[in-house]
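Subject: Structure for you to look at

Hello,

The model we talked about is below. My notes on it follow.

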Amino acid sequence: MVNKYSKITLAHGSGGKLTHELINQIFLPHFKNDVLSQLHDSAILQLNGETLAFTTDSYVVKPLFFPGGDIGKLAISGTVNDLSVVGAKPLCLSVGFIIEEGFDISMLERIVTSMKDTASIAGINIVTGDTKVVDSGSADGLFINTCGIGTIAYKTSLSISNIEPGDKIIINGTIGDHGLAVISERESLDFNPPIESDCAPLNEMIQKLINSGANIKFMRDPTRGGLATTLNEIVNMEKYGILVDEKNIPIKDDVRALCEILGYDPLYIANEGKVVIVASSSDTYKILDILRKDSFGKDAEIIGAIVNEPKGKVYLKTVIGGTRVLDMLVGDQLPRIC
Ligand code: MG
């Protein structure tokens, strides 16, 4: 039994504390193997002298269309990004559709067109797929699963274990955009202009970083659970802590305002076009320079550093000068966001 829960709750899919409990208490003990235990965004596989990355993700976003994207764009970008953050060059994707009886074929074609457009931006092909149709009422319109394979040529493997005190933490732009774009559409909150999702394939931008030879220690896309949860995953081994400076975290004014109205903390809101980079302090400005020249990284900032103490904790230096602990997401403030 997962803690006090005997049934799955929406929060088990939040990417936060309960998702981690589910993985550690149910999935890992049964599936246990050396590759899975790494818990990277993609599995890292050795095959005939080549290093491959392999990943899968399912998409259940509600609604299917939102400002800045749709379930199709999300399904390509998310899997491309999970390959990219482990240092892989994405090669190809599979797509599985679970479609509800009665679903509008013209809507399906809009989604498929969006997938094709996103795949061409990422420079990859969809090479295999599957279609299942379920009874009306059993899939909320459409669910999509994608898997991806990529090759890794990075000289040293990216891993949390490479991180050491003094390293800097960089993000490629504003946080919270995706979650708030979806919730605004779901709740019919009319903003003019609307808050747009940041949903995008980041592989080309990340490849530029890797090709620059910058000393990158680790990368992760702060999707479900938001930036705060990703930072907590980084300190999980309790060898060091993180100190982030709130004033350096990029947040759009309309996102900040809507978060205040709705009572959300942008640090816990999902992003779909962001990457958190931990790198040697000597290469921080080189990385920032490359990011800021890319359209997906123009608002990049150094947001914090790896510190010796306190180990295993993420501290936020607030704009008013105080300090508070940032925990991993508990519960789920925004379900069905990706
Ligand atoms: Mg990821």
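**Loops and backbone**

Pro63 is found in the loop between strand S2 (50-59) and strand S3 (65-66); helices (H or I, at least four residues) and strands (E, at least two) are DSSP runs, numbered from the N terminus. The peptide bond that leads from Lys62 into Pro63 is cis, its omega being near 5 degrees. Ser188 has a phi near 50 degrees, positive although the residue is not glycine. Most residues other than glycine have a negative phi, and most peptide bonds are trans.

This is a predicted model, in which local features need pLDDT of at least 70 and side-chain atom pairs count only at pLDDT 80 or more, while totals for chains, interfaces and linings use all residues. Residues are numbered from 1 along each chain as its sequence is written, and side-chain values use heavy atoms, with hydrogens and water left out.

**Sheet**

Five strands form an open sheet in the order S1-S2-S7-S5-S6, with mixed pairing (two strands pair if DSSP finds at least two bridges between them). Strand S5 (residues 88-100) and S6 run parallel and are joined by nine bridges; Ile99 has Val133 in S6 as its bridge partner.

**Magnesium site**

The magnesium ion has Asp41 (OD), Asp82 (OD) and Asp221 (OD) as its protein donors, 2.1 to 2.2 Å away. Donors are N, O and S atoms within 2.8 Å of the metal (3.2 Å for Na, K and Ca), and water is not among the atoms, so sites may look incomplete. The donor residues are spaced D-x40-D-x138-D in sequence. Asp41 is in the loop between helix H2 (34-37) and S1, and Asp221 in the loop between strand S9 (216-220) and helix H7 (226-234), so the pair ties together parts that are 180 residues apart in sequence.

**Helix contact**

Helix H6 (residues 203-211) and helix H9 (residues 284-292) have axes that come within 10 Å and cross at roughly 150 degrees. Axes are lines fitted to C-alpha atoms, for helices over the stretch in contact, and angles run from 0 to 180 degrees between N-to-C directions. Met205, Lys208 and Leu209 of H6 meet Ile287, Ile290 and Leu291 of H9 (contact means heavy atoms within 4.5 Å).

Regards
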